[in-house]
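Colleague: Before I use any of these labels, I want the criteria behind them. Can we go through them one by one?

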Amino acid sequence: MMAALLIRRDKKSTAAHLKADLNRTDNSSGVRQLQELLDCVLNPEKTAADTEALDWCKCLIAGGEGFEEFCKTFRSYDNATLCGLVWTANFVAYRCRTCGISPCMSLCAECFNNGDHTGHDFNMFRSQAGGACDCGDSNVMRETGFCRRHRLRTGENVPSVPRDLLLMPEMVLPRFIICIIQYLRDGYTEPDTSTERDLQKVLQQLEPQISFLEELTKMGGAMRTVLTKILTNQQTFKDLSMGQEENVYAKKNYENYLSALKNSGLVSVEEKAQTGAAEPTQGAETGALVLQGAAAPASPDESNKEEDQDGEQSIGQRKRVKLSSTTKDPSIMDSLKHKCFLEELLFWTIKYEFPQKMVTFLLNMLPDQDYKITFTKTFVQHYAFIMKTLMKSHESDTMSNRIVHISVQLFSNEDLARHVTEECQLLDIMVTVLLYMMESCLIKSELQDEENSRHVVVNCSEALLKNNTYWPLVSDFINILSHQSVAKKFLEDHSLLMLWMSFVSFFQGMNLNKRELSEHVEFESQTYYAAFAAELEACAQPMWGLLTHCKVKETQEYTKTVVRYCLETLQIWFDAIGFVDELAPNQVTFHLPLHRYYAMFLSKAVKCQGLDLESLLPDQEMLMRIMVHPLQIQASLSEIHSNMWVRNGLQIKGQAMTYVQSHFCNSMIDPDIFLLQVCASRLDPDYFISSVFERFKVVDLLTMASVHQNTVLDGEQERPMLEGALTFLVILSSLRIHLGMSDDEILRAEMVSQLCMNDRTHSSLLDLIPENPNPKSGIVPGSCSFEEMLSAVADFKAPVFELGGSMQQGMYTPKAEVWEKEFDPIMVILRTVYRRDVQSAMDRYSAFLKQSGMHTTGNPWPPYKERTPLHLCYKGLDRLLHCKTLHIVIFTLLYKIWLDHSNMSEHVLCMVLYLIELGLDNQVQEDKEDEEPCIEEHCHDSWFPGTNLLSNLHHVINYVRVRVPETAPEVKREREPPASTSAEASNFGQNSRRLTGNWRENVREAQVFSLVAERRRKFQEIINRSSTEASQVVRPKSSSTRWVPPGTPPQLVTEILEIHESMLSLLIKLHQKLSAKQNSLSATWLEDMDANPNRHVHGDGITAIERILTKAARRSHQSKRSIQEICGKVFPPVAPKKNSPTAKKTMDKEERRQRARERQQKLLAEFASRQKSFMETAMDVESPDAEAAMDLGASEVKESEVLYDCVICGQSGPSTEDRPTGLVVLLQASSVLGHRCKSDEAKKLPTTDEERIYPADTCGAAHDVRLALMQSFFKDSSCLQSVSIGWDGGVYVQTCGHTLHIDCHKSYMESLRNDQVMQGFSVDKGEFTCPLCRQFANSVLPCRPGRSTEVVSWHMPSNKNTSVLVKEVEDLQEQLGLFPTESNLSKEMELVIKDIKNTTQRKYMDYGKNPGSPDNDFLFMYSVARTNLELELVHRGGNLCSGGASGAAKRSCLNQLFHVLAMHMRLYSIDSAYNPWTRLTQVAPSRDDCLDDERPEVPMLFRDCPSLLIIFVLTMPQPLCKEHFICLVKMLYNLQYTQALAALSAKFSPEERQAWSTSGALKKNAFNAEKSYEALLSHVITELSKVKTVYDVNTEEPSMLSTSVWSPQSIEYSLQQFCLPYLRLSCLLQHHLYGDNLSGCPEEEEFSGLAGCLGLLAPAPQPSNPMYSASCLDWTVSAFNLMTQWCSEVTGLSDTHAEKSMTLLVQDLQWASPHLLHLPDNYNTIFQYYHKKACTACKKVPKDPALCLVCGTFVCLKGLCCKQQGICECVWHSQHCGAATGIFLLINASVIIIIRGHRFCLWGSVYLDAHGEEDRDLRRGKPLFLCVERYKVLEQQWVSHTFDHINKRWGPHYNGL
Ligand SMILES: [Zn+2]
Ligand SMILES: [Zn+2]
Ligand SMILES: [Zn+2]
Ligand SMILES: [Zn+2]
Ligand SMILES: [Zn+2]
Ligand SMILES: [Zn+2]
Ligand SMILES: [Zn+2]
Ligand SMILES: [Zn+2]
């Protein structure tokens, strides 16, 4: 066969040959050959893993060319104008709200950076589900935002692809694709078959093929067109999909496909048959939902059975309900039919649950417009099937993301969305599928009538809701509704609306709460999360979507329709739950989406569309029903806060909080309040008010009697419930959010209330302001943007850094005028989740008033705020404030407060006053001054003549009849009640039920009015009735319909109270009471008031009453007269306060608080004084001479002993050998010194591949090199005495200054070990916190028993000759180490030495050639001293110019540390033969024995003088006399100076060297030549020049470097600089050993200052001679001889050694202060480079990349890839870079973590956004900029080693970072 032949031939030539054949006019043979070849190559019976087929295809497509070549050619014809880059999860993309048309738009980083978005509202984000770049698509974004490349539309000028290139792909690809499809068909098995199902395996094998397809899409527009043609061609599909007749395999394969296709319908065949039989009528009649028990039709479908079982397990007894409704459109649910490859490919993509590769391929094709349209249609066609698969999927999360990844790309485009809506019924499909989904988890509603309810709701404990599985569908739905054209279609389609309403009703009343009355719930269900999520996402979001399209008059009809369907559905709901007029008790649901739909469309209609409210409202009866459930929620909120729901657990509080949460409020509480306001404005106000008090269960409380009974509330619940009811009424009558405020006003009010509660960061404020209906991004034209509004109401407080370590963020705080004029306590109450937030707002308010002097005495009351006028439609709301019922309540409460009845609080009075004032400010229009007659006949209230508050205010109530228990104080007043009354009362009481019933029957009025009247009556009967005349009381009529609550105890008696008060008189009396003054208001008071109207805005209750009285007087003459009259009367003294239990209570509380405060203050004071004394002790320790030396004679020895306080036992005493005391210290290893550089400028963090950091120039590296170099030439033991280590990994010792007995410390540690609560430190490692100051510590440094006599002797002035001293020093050094006697103290000293060694790693201690040798130990020990001295220098700023008063010195423990080290060092003695002291002070004959050694000793000129000094001090007997110390310093200075000369001479050019040598030689014989730098310099040059190699080595370099000529001044400067480090260290050492004060000096005089301090220079240096560096020299032998000897040590070395000697001679001893890396200003620079940078160790891009801020190393945080020896890379690096301290920037989070040993903590971020805020995890994605101050603080904490003390939240990292 031909194919068999071809296949054996070379692929390339075959392809070329075939292509040539096909290009002929008669290409039939070519076609045949190709087909045969493909039949053979693309045999689906072969395993897909065989890549031979793929190779063939590539070759054939390329047609003989190389494939890469072919791709390149093809790409040159790319005509795409869209970017279309597809990405998957975790990709970093951008979103620009300014440029986006669709909110879903996104841009790839490249397109974003190449576009102009300056000043736009954009953010960076990490993609959750994946996405694609929209650049170039003008349907999704504005063209101005396109990047340069896609703006130019380069594609239009690209020539089209030549036919020739297209030929092979067009022939080959169809076969390739069908082959893939056949593999997919073959590999698929249904989930329910018993065979093992491994779809992943199939996909894995197919990966190269699908990747190839993806590769093709990247070849640009031309190839995509080819692919589109193939994928959408129906003929090709027909020809190929079934395979040839004779092919058995193909047949079976096709059948496989058909059966899979059959299973794809939403309704299984069986199911369909059943529903068809049971319910023949089809239609969208949602009202007739017929319920079936779950037991009913058992579906034979396997998967269904499974589901049912699941369901039963999860919901327990509650049975799932199945709807037999036939809301499904068969065309949507029916099985699928495919007509092209694309359709079948998508089908399999779904079946295989959206494999990533496939999704990417399908999305990569999207830039092709034809493809996009066809694909969108195909997607819609499969939509129902997709969702069905999703519901069954076990990995619904991944699948959801992938689905949305696709659908967002399709539905964000309005044209496309409209197109598929019109042609493919997208809306019908979506709504139907949503219904289908929710129908799978319905249960019977238990709301109201549990037995007979026909309502069904979703079960919130089902997986579908708990896991939010429905979200992709809902999100698609919201997305398409954002397009106006689509939304219009939806709103015009009534049957769709009906369907939608029935969908919404599934959520109405879900997650019902029943109040537990007896026992606490066993199990707190968390279903409420699911419930709130479902309502907000599935109901509220689509609602807001629809509402945005109902904004103008033209859309009135839409609103009307929605409102109509809402009401209809509500009616159906009321019927279904069996609601008539009474609510079932103790139930509440927070979910009333139908109510809220109705409310929000109503609001929009009135506010934006100019519709008349009346036309949209139902009848009164319906309104009364509508108000019941929202009102119940308000009452329940109050109940929950009053702890009436405690038995339901914490979750009920969670629900209440979520409900009022400002983030959701616009979809929850706000619509409810609005709806109640609408009801209140239309219903009878008396009815409404009484309903409120009844719902809040406080009716019983509203009696004027001193005692009352309450059958529903416990005593302690009454007050909070009353407060709740009153607060609710205030909110209801004052809130204007939907009643007339403009969007700007709303935004402003929201902002102000949030800011008043607390200062807010920009982002938290943005979060707290509800998005709907007011979009925050400010793109709505004409409306005020968030930013503008913010700057109008708030001041920005830049982030400040508190030195305590807590970092603040940029905050916004209300402007002063906002506090003064706009603070609205009511809004704050409405928006607070926690009560403490209200308190916080009030505290801030009073602080403002105090500060501004507006109110300084006592606590101010919440200010009254005038309201925006009501929209005309809602005017009726004001009647609430003008109804008798409310006035009765107000009067009663005022009366009770005046009489100090229990349960009356300040809050109650405040709310009552608020209501009065609201009433005064909001008059009902038709009201007149004149008394209006009582119109309503059946109203038996005789309290007030009319409804106007203004006139009722001054109406005097004379008598009130109350019913009280016989024991009440009223009864004892011996005033006989009229006999008839009580008799009647009992009489009527018995008949009340019957009477009520009769009454209801007899009245012919509509039921509505019966409801109104009955409630009103009930209300007024329960509370009291008043009579204007006493005689009225006996009128039978007045008590004819008395209502007695069932179960009322019979001993109640009716009493008549004599009142004779009006509201005004009560107010005036309260004024007196509050001000505790008799006649607090004079008769002429009102006149004074008029003069100053502004004085009443802010103040307390007195001010509020005055304000109300003034308002009343101003508005009514009668009131004015009344007020004047009352004020003029002389009142009896105010009732004595003692009798009042409330007052007593508050007084007690206040007193208790006061006492507690005093106690606390006393405690604090005690503690402070204790602390102070400790601090003083600590100071004594380190400078014992200060006081002791002053006035202590030598005789008084005993008393001068240093005393220490133990912070554990509190005793004070000396530290003794027996019972030593110790300092609390923290030992830590540090590499801060090692990271110092030469340059004072910090190294720059690399942000491109070109930049790098070279670590070689650091102090640590330089010292390592020097030591290694020495060790290669000289004797090891000598080398180890010639340098210091500890630059890297040195041990730093810190103390808080507190001391304790070491035995006390031991028992303290024991107690910590037994303490179960660990505070982040590990006791086993010796860690603890200082018992006094809580500072972190890990060891105790024993204090040397000290006596001040010794101190004195140290300072004995002496005039000994230097030579004598030199000899004395030598003798002292010869003295054998005196071992201290074994004592507790010496043991402790050894222990702390062990601690010090354990602090750092082995590698930082072993530098010698013989690990563990005493030489090593010796080096390590004196280096500890060096490290601590050097670090102190760093902390002092690198020099000693600032003097000795530095705070760091006070907390220093160097003195104690030195003693411990010295004691330990005495264990070693230096072999006198090698004692450097000899070589330093004597001219010795050259020794011959050194020749015996293999290696010479280190020449003196190479040795480090500070190290030598420390060695000498530590190895000599302690204490060391100061004169000996000075002697050491002087002798070493000679050496140091000579080293300086040698180093200097090396820097000269040969000519200069010659010149200086000659000129200096002349001065050698002059007077004082030994102190002349010229003579000495000349001598050194001469000596060193004796061997040519010394200077020859560097001949080239220095001449190049030294461009300027050396002058005497520059030489002096250079010498001083060289010697300064030595002087600084000596001086510091002297300061610590002898307590000498460091005197400050200007920086340029540091040298002379230090020299003077050390006694090297006469106290007053001669100003004439500034060359004092040489005058500090003090030679005991001939300087020239000594120098000759030192130089000969160098020149005596062999030639090879001499070459290196210059390197060792020319050392630079100056190091700049340590710095962290210099960071770029913009975080994006770091992020863009590092978030995709590969780790150098594992070569992969880390999931969590991190960056060391000390050295710039890039590491894989937490990555297993770079884990070594069980330690992750970050921890590993911290050990090597910082000796267990690491500072890392987490690239993906923008935060810094600190690693300290085995612990770590989150430090915070040094990058802040424009509002001074951190953006942890880059959630907001706003541009971030370096906060220099914060970074300085970080650096400071690093340098000062205070991470442990300042950062509080440490945790163990278990080496896992
Ligand atoms: Zn792009
Ligand atoms: Zn672009
Ligand atoms: Zn933009
Ligand atoms: Zn103690
Ligand atoms: Zn302390
Ligand atoms: Zn590092
Ligand atoms: Zn790594
Ligand atoms: Zn790695």
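Modeller: Start with a helix pair. Helix H63 (residues 1505-1515) packs on helix H64 (residues 1522-1547) at an angle of about 160 degrees, and their axes are 10 Å apart. Helices here are DSSP runs of H or I with at least four residues, and strands are E runs of at least two, numbered from the N terminus.

Colleague: What makes H63 roughly antiparallel to H64?

Modeller: The angle. Axes are lines fitted to C-alpha atoms, for helices over the stretch in contact, and angles run from 0 to 180 degrees between N-to-C directions. Under 35 degrees counts as roughly parallel, over 145 as roughly antiparallel, 65 to 115 as roughly perpendicular, and the rest as oblique. The value for H63 and H64 is about 160 degrees, so H63 is roughly antiparallel to H64.

Colleague: Which residues of H63 and H64 meet?

Modeller: On H63, they include Leu1508, Leu1509 and Phe1512; on H64, they include Phe1525, Leu1528 and Leu1532. Contact means heavy atoms within 4.5 Å.

Colleague: And what is the basis of the model itself?

Modeller: It is a predicted model: local features need pLDDT of at least 70, side-chain atom pairs count only at pLDDT 80 or more, and totals for chains, interfaces and linings use all residues. Residues are numbered from 1 along each chain as its sequence is written, chains are lettered from A and ligands numbered from 1 in the order written, and side-chain values use heavy atoms, leaving out hydrogens and water.

Colleague: What is the handedness of the crossing of H63 and H64?

Modeller: Right-handed. A crossing is left-handed if the near helix is turned anticlockwise from the far one by less than a right angle, and right-handed if clockwise. The crossing of H16 and H17 is left-handed. The axes of helix H16 (residues 341-351) and helix H17 (residues 356-364) come within 10 Å and cross at roughly 145 degrees. Leu342, Leu345, Leu346 and Thr349 in H16 meet Met358, Phe361 and Leu362 in H17.

Colleague: Why is leucine 499 called buried?

Modeller: Buried means under 20% relative accessible area, exposed over 50%, and partly exposed in between (1.4 Å probe, protein chains only). Leucine 499 has 9%, so it is buried. Its place is in helix H26 (residues 494-505).

Colleague: Why does serine 1423 count as buried?

Modeller: Its relative accessibility is 1%, so serine 1423 counts as buried. Serine 1423 is found in helix H59 (residues 1414-1435). Not counting residues up to four places away in sequence, serine 1423 touches Ser1284 and Ile1285.

Colleague: What makes helix H19 mostly covered?

Modeller: Eight of the 10 residues in H19 (residues 383-392) are buried. Among them are Tyr383, Phe385 and Lys388.

Colleague: Why do strands E25 and E31 stand at the edges?

Modeller: The order in this open sheet of six strands is E25-E24-E26-E27-E28-E31, with antiparallel pairing. E25 (1754-1756) and E31 (1851-1852) each have a single partner strand, so one side of each is left without a neighbour in the sheet.

Colleague: How do you know that E24 pairs with E25?

Modeller: Two strands pair if DSSP finds at least two bridges between them. Three bridges join E24 (residues 1745-1748) to E25. In that pair, alanine 1746 stands opposite valine 1755 in E25.
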